[in-house]
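Q: Hi! I'm new to this structure, could you walk me through it?
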Amino acid sequence: MFPMSAHKVSKPTILAALRGIEDPELGTDIVTLGLIYGIEISDDGALRIEMTTTTRFCPASAFIAEAVKARAEEIEGVSAAVVDMVYEPAWSPEMIGRLPSV
């Protein structure tokens, strides 16, 4: 479990947990790559994570999405997680280091 500093799960806590997931081709974590586009947290701790991959037809898309869901659901205070893969805007190297608003 990833520790929480408050009773309610936070976006920084989620991003810290997701940093442990690497893009298998690039060997860099998905947060640093800018693949996480948005995080919504409901009052009951359910998450909706909007993310992308470096290419639309990335063969690791399902693997990465499942890893994100599993890692998010390990966080204390998270009741469930849904991962939505989106491809607009398309990812580009300029997105490296960009974080979703927290």
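A: Happy to! Let's begin with a term: contact means heavy atoms within 4.5 Å. In the protein, residues 24 or more positions apart account for 65% of the contacts with a separation of 6 or more.

Q: Where does the model come from, and how are residues numbered?
A: This is a predicted model: local features need pLDDT of at least 70, side-chain atom pairs count only at pLDDT 80 or more, and totals for chains, interfaces and linings use all residues. Residues are numbered from 1 along each chain as its sequence is written, and side-chain values use heavy atoms, with hydrogens and water left out.

Q: Thanks! How many helices and strands are there in the protein?
A: Two helices and three strands. Both kinds are DSSP runs numbered from the N terminus: helices are H or I with at least four residues, strands are E with at least two. From the N terminus on, the order is α-β-β-α-β.

Q: And in which order do the strands sit in the sheet?
A: The order is β1-β2-β3, in an open sheet with mixed pairing. Two strands pair if DSSP finds at least two bridges between them. β1 (36-41) and β3 stand at the edges with a single partner strand each, so one side of each has no neighbour in the sheet.

Q: What about β2 and β3, how many bridges join them?
A: Six, and the two strands run parallel, with β2 covering residues 46-51 and β3 residues 80-85. Ala46 stands opposite Ala80 in β3, while the bridge partner of Met51 in β3 is Met85.

Q: Where do the helices go?
A: Helix α1 (residues 11-18) lies across β1 and β2, and runs at about 135° to β1. Axes here are lines fitted to C-alpha atoms, for helices over the stretch in contact, and angles run from 0 to 180 degrees between N-to-C directions. Helix α2 packs on the sheet too, touching β2 and β3, and its direction makes about 155° with that of β3.

Q: Switching topic: which residues touch the most other members of the largest nonpolar core?
A: Leu18, Ile30, Ile36 and Val68, out of 29 residues in that core. α1, β1, β2, α2 and β3 are the elements that give two or more residues to it. A nonpolar core is a set of buried Ala, Val, Leu, Ile, Met, Phe, Trp, Tyr and Cys residues joined through side-chain atoms within 4.5 Å. Buried means under 20% relative accessible area, exposed over 50%, and partly exposed in between (1.4 Å probe, protein chains only).

Q: What does Ile30 touch?
A: Not counting residues up to four places away in sequence, its contacts include Leu18, Leu35, Ile36, Met51, Ile64 and Val68.

Q: Is Ser61 buried or exposed?
A: Ser61 counts as buried because its relative accessibility is 13%. Ser61 is in helix α2, and leaving aside neighbours within four places in sequence, Ser61 is in contact with Thr53, Met85 and Tyr87.

Q: Last one: which residues does the cis peptide bond join?
A: Glu88 and Pro89, with omega about 0°. Pro89 is found in the segment after β3.
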